[in-house]
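This report goes through selected side-chain features of one protein model. The sequence and structure come first.

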Amino acid sequence: MDRPILSIIIPVYNASSSIGKITKTILGQSFSDFELILVDDGSTDDSLKRMKELAKQDRRIFVYSKANGGPSSARNYGLSKARGQFIQFYDADDNILSGAINAPIKTMLSLKADLVVSGWQIDNQRYRTETAVSPKRHELRGDNTAYVLRSIGSDGTLYNLWNKLFRADIIKKHNVSFREDVRFGEDLIFALHYFRLIDHLVIIPDVTYSYRISGSTSEFRRSAIIPEYRHINDDELRRFLGNHPSQEVSDLFNWVRWRWLISYWALVSDAKLPIKKKLSLIRQNLDHKITIANSPRFIGYKKWLTEILASLIKKAPPLALVAGKFFSIIKHLLLTTKSKFLK
């Protein structure tokens, strides 16, 4: 088989009930010049058996098996096997939409971009809602630091992994890989390392991916409240800024940190843990200073006032826990309202 244009990498762990669905959708895309790399990460169910059955149906499917090491380990293994010019990462329990592959590939080839980022939809199984996120078309050349921070601190377009099309030559030349010691934010860390190496970024409004939020407590939620992982993400984001960031970049950086802290409060408040444990987690994630912007010049009045309010709440862990529950409820109401409006 000649070198394909695209390598699609999917880590698989106990996903025998879902891997067939996303595989069928991928194989049914209008774009066909790809290899689909399925990496079994030590599953204890019938995932490997199911994957081998799928591979018999299409020569573009390649199945590998390894000892359990987490999704980062599986993705790194997939990268070592990838032969395509471009790299796309998907998750086994999600799905893609019609034209999901063709739109980013077409953009990448026509504009000779270093990275193409597309929209996505959130399929919330818990609340039975679907919310589309379609970013504005944008093409950026040169230093992308401020733009990246603005995105991470607003709509999250540049945070996610599965809505990005990467160039394999950049990844392999610079040995970009996933941190295997982190189980939260490892996708963002990978992207931050990649962002440093590129100067041509393209955002397209096409909604290509369907991210599924399960009603049960997920591994994501368990990992997201571990303070150590949060601190690692904070350190990686700080390194992304460089040694002498501008005032705009510094203000955006600290806004992202405030937003992450508020999100952390909400996740901890929703966790099925004793109050004493929740307060302990809140205190552990308050051991670093986050600066408030001197003015709303670069972040706007809403974010600036939110920083001031959060800085007051931060002084009292019990209040932070109450605020977290409030933010969690507001977020759910906004998502539900937006979903109903879209329908």
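## Surface patch

Tyr301, Leu305, Ile308 and Leu312 make up a nonpolar patch on the surface, and their accessible area together is about 420 Å². Leu305 belongs to helix α12, residues 301-313. The model is a predicted one, and side-chain atom pairs are counted only at pLDDT 80 or more.

## Aromatic pairs

A pair of aromatic rings is described by two quantities, the distance of the centres and the angle of the planes. The count for this model is 14 aromatic pairs. One of them joins Phe89 and Phe178, with 5.2 Å centre to centre and 90° between the planes, an edge-to-face arrangement. Phe89 is in strand β4 (residues 86-89) and Phe178 is in the loop between α6 (168-173) and α7 (186-195), so this pair ties together parts 89 residues apart in sequence.

## Surroundings of Trp162

Trp120 lies in strand β6 (residues 115-124), while Trp162 lies in the loop between α5 (145-152) and β9 (164-167), so their pair ties together parts 42 residues apart in sequence. Trp120 counts as buried at 4% relative accessibility, and Trp162 counts as buried at 8%.

Which residues does Trp162 contact, leaving aside its neighbours within four places in sequence? They are Gln88, Phe89, Tyr90, Asp91, Asp94, Trp120, Tyr209 and Tyr211.

The charged end of Arg75 sits over the ring of Phe178, at 5.6 Å from the ring centre.

Arg75 is one of the buried residues of helix α3 (residues 71-81); the others are Ser72, Ser73, Ala74, Asn76, Gly78 and Leu79. The buried residues of α3 pack against the strands β1 (6-12), β2 (34-41), β3 (61-66) and β4, and also against α6 and α7. Strand β4 holds Phe89, and the loop between α6 and α7 holds Phe178.

Methods
Residues are numbered from 1 along each chain as its sequence is written. This is a predicted model: local features need pLDDT of at least 70, side-chain atom pairs count only at pLDDT 80 or more; totals for chains, interfaces and linings use all residues. Side-chain values use heavy atoms; hydrogens and water are left out. Rings of Phe, Tyr and Trp (its six-membered ring) pair if their centres lie within 6.5 Å; planes under 30 degrees apart count as stacked, over 60 as edge-to-face and the rest as tilted. Helices (H or I, at least four residues) and strands (E, at least two) are DSSP runs, numbered from the N terminus. Buried means under 20% relative accessible area, exposed over 50%, partly exposed in between (1.4 Å probe, protein chains only). A charge sits over a ring if NZ of Lys or CZ of Arg is within 6 Å of the ring centre and within 35 degrees of the ring normal. Contact means heavy atoms within 4.5 Å. Patches are made of residues with over 30% relative accessible area and no salt bridge: like charges are joined within 9 Å, nonpolar side chains (Val, Leu, Ile, Met, Phe, Trp, Tyr) within 5 Å. Accessible areas come from the Shrake-Rupley method with a 1.4 Å probe; for residues, only the protein chains shown count as cover. A salt bridge is a side-chain nitrogen of Lys or Arg within 4 Å of a carboxyl oxygen of Asp or Glu.
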